[in-house]
Amino acid sequence: GHMHPPNRRGISFEVGAQLEARDRLKNWYPAHIEDIDYEEGKVLIHFKRWNHRYDEWFCWDSPYLRPLE
């Protein structure tokens, strides 16, 4: 079924929306949403200035996503 993104203050769940995301080394980086999977409730995150091979899927309610300050 088609899931709806959570209501999270400061984060727009649409392609191109800006946010910050935490990588596997626990560093926060400016990022944007590259793609959205409404079946799985996930967003594909592209870290700015990083190669697209580092793009990573996050659950859209992940604590590792936060508004861009």
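Analyst: A residue is called exposed when its relative accessible area is over 50%, buried when that value is under 20%, and partly exposed in between. With that cut-off, Arg 24 is exposed, since its relative accessible area is 69%. The model examined here is a predicted one.

Arg 24 takes part in a salt bridge with Glu 56, for which the N to O distance is 3.6 Å. This distance qualifies because the rule asks for a side-chain nitrogen of Lys or Arg within 4 Å of a carboxyl oxygen of Asp or Glu. Glu 56 belongs to strand 4 (residues 56-59), while Arg 24 sits in the loop between strand 1 and strand 2 (28-37), so the bridge ties together parts that are 32 residues apart in sequence.

By the same rule, the count comes to two salt bridges. The other pair is Glu 20 with Arg 66, whose closest N and O atoms are 2.6 Å apart. Glu 20 is part of strand 1 (residues 18-22) and Arg 66 is part of strand 5 (residues 65-66), so this pair ties together parts that are 46 residues apart in sequence. Here Glu 20 is buried, with a relative accessible area of 13%, and Arg 66 is partly exposed at 32%.

The strands named above belong to a chain with five strands and zero helices, which reads β-β-β-β-β along the sequence. Among contacts between residues at least 6 apart in sequence, 37% join residues at least 24 apart.

As to overall dimensions, the C-alpha trace spans about 35 × 25 × 20 Å along its principal axes. The radius of gyration is 11 Å, which agrees with the value near 11 Å for a compact globule of 69 residues. The accessible surface comes to about 4,700 Å², and 47% of this area belongs to carbon and sulfur atoms.

Finally, the charged side chains of the chain as a whole number 10 positive and 12 negative, and the centres of the two sets lie 9 Å apart.

Terms used: Residues numbered from 1 in each chain as written. Predicted model: local features only at pLDDT ≥ 70, side-chain atom pairs only at ≥ 80, totals over all residues. Heavy atoms only, no water. Helix = DSSP H or I, 4+ residues; strand = E, 2+ residues; numbered from the N terminus. Buried < 20%, exposed > 50% of the residue type's maximum accessible area, 1.4 Å probe, protein only. Rg over C-alpha atoms; globule rule 2.2 N^0.38 Å. Contact = heavy atoms within 4.5 Å. Areas by Shrake-Rupley, 256 points an atom, 1.4 Å probe, with all protein chains shown as cover. Lys, Arg positive; Asp, Glu negative; His and termini not counted. Charge placed at Lys NZ, Arg CZ, Asp CG, Glu CD.
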